[in-house]
Amino acid sequence: MKVITVSIRRSLLSLLFLLGIVTSLQAQEFKFTTTVSSNKVALDEPFQIQFMLENGTNVSQFIPPNFTDFELLQGPNQMQGTSIVNGRRSDYIALIYLIRPKRVGNFTIPAAAARVNGDLVKSNPVTIEVMRGNGNAAAQQQQQQRQQVPANPFAGMGQRSAPSHQAEEMEGVLKNGEDINAKLKKNIFVKVDVDKTTLFEGEQLTATYKLYTRLPTNASVTKVPAFKGFSAKDIELPNPPQASEEMVNGIPYRVFVIRKTMLFPMQSGTLELDPVEVDNHVRLVKLVKNGKRRDPMADLFNDPAFKDAFNDPFFDDIFNRPEVEYQDVPYKIQTAPVKVNVKPLPIDSRPESYNGAVGKFNMTATVDKNSLSTDDALTLKVTISGQGNVNLLNAPKVDIPASFDKYDPKVSDNIEKNSNPLSGSRTFEYVLMPVEAGEQVIPPVEFSYFDAASKTYKTVTSRPFNIHVTAGKQTKREKEDFSINKNAITNNSNSVLDWVKHNTYFITSIWFYVLLILPLLALIAAWLFRRRLEYQQNNAAFLKHRYANKVALKRLELAARYLKEGKDKAFYEETSRAVWGYLSNKLHVPFADLSKQLIQDKLAQQQVSEQYTADLFDLLDNCEMALYTPNHNNSKMQGTYQQAVQVISKLEDELTRAKSAV
């Protein structure tokens with residue numbers, strides 16, 4: 001009895017559910033339409049035809065038209081789902097065929113038929129114009145159709161009948177006897193575009209890495225270029241990547257930008273951009289011939305599960321029909337290496353104030369006050385702005401008079417995000433403290449840069465600054481004058497002086513107390529000496545670092561601050577700049593002329609150990625790799641900092657030893 005009650009209850013629920021579905025579907029407008037991806041096609045050009053039933057109830061049969069003048073390549077692929085547009089819901093079933101014309105002319109594809117709710121209904125016929133033309137003409141017609149055909153409201157449901165995907169779907173079909181490798185090589189590749197192949201040192205070069213495909217693929221970058229010999233700055237790309245379309249030899253490809261980088265060569269000669277490697281997993285469709293033509297709806301509506309009230313036939317998965325097989329193929333590709341010719345900057349016309357800037361720049365120089373006392377300080381702010389290697393600008397030459405104490409400048413950047421060419425500004429702030437009262441003059445600040453467009457050096461000069469300095473409260477004691485006629489000689493005295501004492505006891509003399517505390521002082525001195533010796537032994541690397549080149553030390557201190565703040569990119573830039581600046585100052589080579597080959601020759605002349613030279617280049621390579629493959633790792637940054645300290649210390653010792661030997 002209990003079993004009968006449960007069966008009756010389930011039957012009633014099923015009946016109510018079916019009545020609800022029928023009532024809701026009858027309230028919607030029924031449509032049966034035929035659409036094609038293009039009404040104008042070239043001979044032998046495949047295209048899609050789609051038959052869509054919207055809001056159809058009790059669909060029991062589908063009869064496709066007779067494709068007499070067309071060759072059936074694929075299908076039917078069936079899709080079904082629900083769409084809600086402007087609050088109105090509609091259920092649909094779509095059947096898609098891929099066909100190809102057999103001859104030139106105007107052809108009409110008859111209407112398809114379907115049995116809905118017991119009635120036989122038909123769709124609209126469509127007319128196709130088949131032209132005899134080359135690939136370019138067909139591509140132009142296809143492009144025109146892209147602009148004319150309205151967007152399919154069901155494309156977001158997984159349907160890929162939109163014309164923009166037509167070429168990809170056609171090429172994704174693997175025909176019998178077709179070579180897979182040849183097909184992949186033809187339809188998917190990656191290349192790098194550079195905006196110039198000949199340029200000057202420090203001039204910007206933009207490299208764009210692109211993936212071209214006509215196949216459905218899942219791609220991942222497995223190897224990125226190292227950009228040896230360049231300073232690099234990446235341009236941020238949209239995430240997820242956005243596809244565009246480009247024509248290659250008259251064939252449309254979907255294009256994805258993998259990486260876009262602004263490069264600044266650090267040395268002259270022939271430099272090579274390393275290849276980028278991409279792993280692809282391509283899905284190909286393999287057609288299996290089936291001579292028996294059958295009703296594509298038969299399997300759906302003859303299924304016994306269709307009679308179950310809780311199993312909706314509209315949502316059955318009927319993909320991967322026996323006529324179609326999918327084949328996933330791994331495919332690894334890489335870009336061809338690109339060589340660029342980097343010309344050295346002219347030497348004959350190079351001004352003395354030039355220090356490596358290449359591009360187009362402006363300069364402003366200001367002081368925050370024109371009147372102050374010797375107890376105060378002023379700030380000289382120099383801002384260089386424009387387009388070019390802004391991130392590599394060095395401080396301009398500033399001649400500060402001896403009446404001021406000068407400190408190393410504070411450097412701050414303001415780079416425009418995603419600017420190409422690289423644009424922005426770098427500001428240098430000098431703190432100056434007057435040591436003498438009076439009218440002081442800070443000479444004009446001079447900045448020079450190389451304009452690659454005109455191939456000439458240009459110099460920008462500020463105005464001089466007149467500073468009124470008054471004496472502060474903490475005035476300095478005037479130096480004693482020991483010049484001629486400024487010293488007086490006292491007269492000799494033959495009498496006994498007052499400080500000479502006779503018949504005094506030793507215990508009451510000053511020497512007694514001196515000898516009394518002398519052992520104690522000796523013990524304290526020995527203890528301090530031992531502490532200092534232990535400190536030197538435990539901090540040998542730090543002490544060497546302390547006495548290394550002051551300019552490099554200051555920049556390493558700035559790098560240490562970036563290390564503490566976790567700014568990995570700024571840290572590696574400052575570390576690299578400190579090492580190159582140290583080499584420039586120590587080897588007396590202008591910064592713009594530095595190259596690894598020149599440094600190697602100079603160090604060899606100084607008889608520096610090859611191991612130290614190898615450690616130096618290893619440090620520079622580590623900095624370059626960290627800049628181009630950013631991956632935040634604080635322990636790695638700490639190791640790079642210690643490596644930089646050791647390299648500078650060893651080079652300082654070696655260069656000092658070589659100098660003393662001469």
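Contact here means heavy atoms within 4.5 Å. Keep that cut-off in hand for the first stop. The model is predicted.

**Stop one: a helix pair**

Select residues 568–587, helix H9, and residues 596–605, helix H10. Two packed helices are described by the angle between their axes and the distance between the axes. For H9 and H10, the axes come within 12 Å and cross at roughly 45°. The two helices are therefore oblique to each other. Look at the handedness too: H9 passes H10 in a left-handed crossing.

Now show side chains. Which residues of H9 and H10 meet? From H9, pick Trp 580, Leu 583 and Leu 587. From H10, pick Lys 596, Ile 599, Lys 602 and Leu 603. Colour this contact by residue class: 5 are nonpolar, 2 are charged and none is polar.

**Stop two: an annotated span**

**Stop three: a salt bridge**

Select Asp 69 and Arg 103. They form a salt bridge, with the closest N and O atoms 2.3 Å apart. What does the pair tie together? Asp 69 sits in the loop between strand E4 (59–63) and strand E5 (70–85). Arg 103 sits in the loop between strand E6 (88–101) and strand E7 (105–109). The bridge therefore ties together parts that are 34 residues apart in sequence.

To continue the tour, step through the salt bridges: the count comes to 17.

Conventions
Residues numbered from 1 in each chain as written. Predicted model: local features only at pLDDT ≥ 70, side-chain atom pairs only at ≥ 80, totals over all residues. Heavy atoms only, no water. Axes fitted to C-alpha atoms, helices over the stretch in contact; angles between N-to-C directions. Helix = DSSP H or I, 4+ residues; strand = E, 2+ residues; numbered from the N terminus. Parallel < 35°, antiparallel > 145°, perpendicular 65-115°, else oblique. Left-handed = near helix turned anticlockwise from the far one by under 90°. Nonpolar A, V, L, I, M, F, W, Y, C, P; charged D, E, K, R; others polar. Salt bridge = Lys/Arg side-chain N within 4 Å of Asp/Glu carboxyl O.
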